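Please read the report below alongside the sequence and the model. It is meant for a reader who wants to know how the parts of the chain are arranged before planning anything further.

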Amino acid sequence: MTAAQPVVRTEFADLSPPPINLPPRAALFLDLDGTLAPIMPRPDDVGPNPRRARVIARLRQRFEDRVAVVSGRSLPDLDHILSGGVPAIAAIHGLVRRTAGGGVVELEPHAGLEDARRILGELADCERGLLFEDKTLSVALHYRNAPSCAEAVIEAAERLAQSTGLVLQLGDMVAELRTPGADKGSAVTAFLTEAPFVGATPIFLGDDLTDEDGFAAARRLGGFGVLAGKPRPTQAHFHLEGPDAVLDWLEHLTENAEVHA
Ligand SMILES: O=P(O)(O)OC[C@H]1O[C@H](O[C@H]2O[C@H](CO)[C@@H](O)[C@H](O)[C@H]2O)[C@H](O)[C@@H](O)[C@@H]1O
């Protein structure tokens, strides 16, 4: 089985809020659900938000476009939710990446997705509350509205990962099977080889297990991670309580941060 389970660092479970003064040439890598947007009952309940759009526009100005959104969602979904305000985006956990210049780099869908689509789709059909999401390069089965199905969903996803070679990505009340070949960490690494991110210090904000790859990459590349939401063993260095605290902190950065170009 190919499973994307991060190596977590328990010593960072008790974390303080991140500083306001960031390293010179900092770059921000922002997760969406649970970080920039509160978790909602269904994925479609998350839509454009004026405060979020305003904060991101100011951040882009302040950090000279060294701002990327790195999410598990699809690119069209992200463009809709972010009101088209972010050029640099890694979507579907890094499997699709749009550079700051607008070029899109996308992996080929794995052949095993056919089986995963059929089996998880059938499971969703027979249980009210389960929600099947097809993102082309990955498929996900959400059980937030059918929590008693968690075990059955995870078991089915584990079996599929084993039989197909797809990567199992467990998330917030969701089991996902994705094409291998990229993750949020590799997306951060790739952005840092391109303008305007070259030479920047990466700061990664996220809440979910998939964000651990981003935290690890940020640490490795001289920056740090900020865990949003419930504290847990993590590779992040700092902690914020949730999306409201994240937006407050980001707003402070645009007002006070000593950012050097
Ligand atoms: O990497 P992220 O930006 O955090 O995206 C992770 C997944 O987010 C979405 O699902 C999650 O958020 C939904 C809305 O709050 C919630 O209903 C669901 O239970 C969560 O798992 C999205 O649907 C997935 O495709 C993303 O992978």
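The sections below take up the basis of the model, its domains, its cores, some of its strands and helices, and a few backbone details.

## Basis of the model

This is a predicted model, in which local features need pLDDT of at least 70 and side-chain atom pairs count only at pLDDT 80 or more, while totals for chains, interfaces and linings use all residues. Residues are numbered from 1 along each chain as its sequence is written.

## Domains and the ligand shell

The chain is assigned to domain 1 (2-6 + 24-107 + 181-256) and domain 2 (113-178), with bounds that come from an automatic or database domain assignment. Taken over C-alpha atoms, the centres of domain 1 and domain 2 are separated by 24 Å. Across the boundary, 18 residues of domain 1 are in contact with 17 residues of domain 2, contact meaning that the C-beta atoms of two residues, placed from the backbone, lie within 7 Å. On the side of domain 1 that touches domain 2, 10 residues are nonpolar, 6 polar and 2 charged; here Ala, Val, Leu, Ile, Met, Phe, Trp, Tyr, Cys and Pro count as nonpolar, Asp, Glu, Lys and Arg as charged, and the others, Gly among them, as polar.

There are 23 residues around the ligand, and Leu32, Asp33, Pro43, Ser71 and Gly72 come nearest; a residue is near a molecule if its C-beta atom, placed from the backbone, lies within 6 Å of it. This shell divides into 9 nonpolar, 6 polar and 8 charged residues, and at least three of its residues come from each of domain 1 and domain 2.

## Nonpolar cores

The largest nonpolar core has 53 residues, and those with the most contacts inside it are Leu28, Phe29, Ala68, Val69, Val188 and Ile203. Such a core is a set of buried Ala, Val, Leu, Ile, Met, Phe, Trp, Tyr and Cys residues joined through C-beta atoms within 7 Å. A residue is buried if 20 or more other C-beta atoms lie within 10 Å of its own, exposed if 12 or fewer, and partly exposed in between, with C-beta atoms placed from the backbone. A second, separate core of 19 residues includes Ala124, Tyr143, Ala157 and Leu160.

Helices (H or I, at least four residues) and strands (E, at least two) are DSSP runs, numbered from the N terminus. Because 5 of the 6 residues of β11 are buried, this strand is largely enclosed by the rest of the structure. β11 runs parallel to β2, to which 5 bridges join it, and β11 also pairs with β12 in the parallel sense over 4 bridges; two strands pair if DSSP finds at least two bridges between them. Leu30 has Leu205 in β11 as its bridge partner, while Ile203 stands opposite Phe224 in β12. Leaving aside neighbours within four places in sequence, the contacts of Ile203 include Leu28, Phe29, Ala218 and Phe224.

Helix α6 (residues 211-220) is mostly covered, with 8 of its 10 residues buried, among them Asp211, Glu212, Phe215 and Ala218. The elements that cover these buried residues include β2, β3 (67-70), α5 (184-191), β11 (201-206) and β12 (224-228). Just after α6, Gly222 takes a positive phi of about 95°.

## The β7 and β8 hairpin

Strand β7 (residues 131-134) and strand β8 (residues 138-142) pair in the antiparallel sense over 4 bridges, and Phe132 has Leu141 in β8 as its bridge partner. The hairpin has 3 residues between the strands, and Thr136 takes a positive phi near 70° there.

## Backbone details in the loops

The loop between α1 (50-62) and β3 holds Glu64, whose phi is near 45°, a positive value in a residue other than glycine. Asp65 lies in the loop between α1 and β3 and has a positive phi of about 70° although it is not a glycine. Glu64 counts as partly exposed because it has 13 C-beta neighbours inside 10 Å, and Asp65 counts as partly exposed because it has 17.

In the loop between α5 and β11 lies Pro196, and the peptide bond from Ala195 to Pro196 is cis, with omega near 0°.
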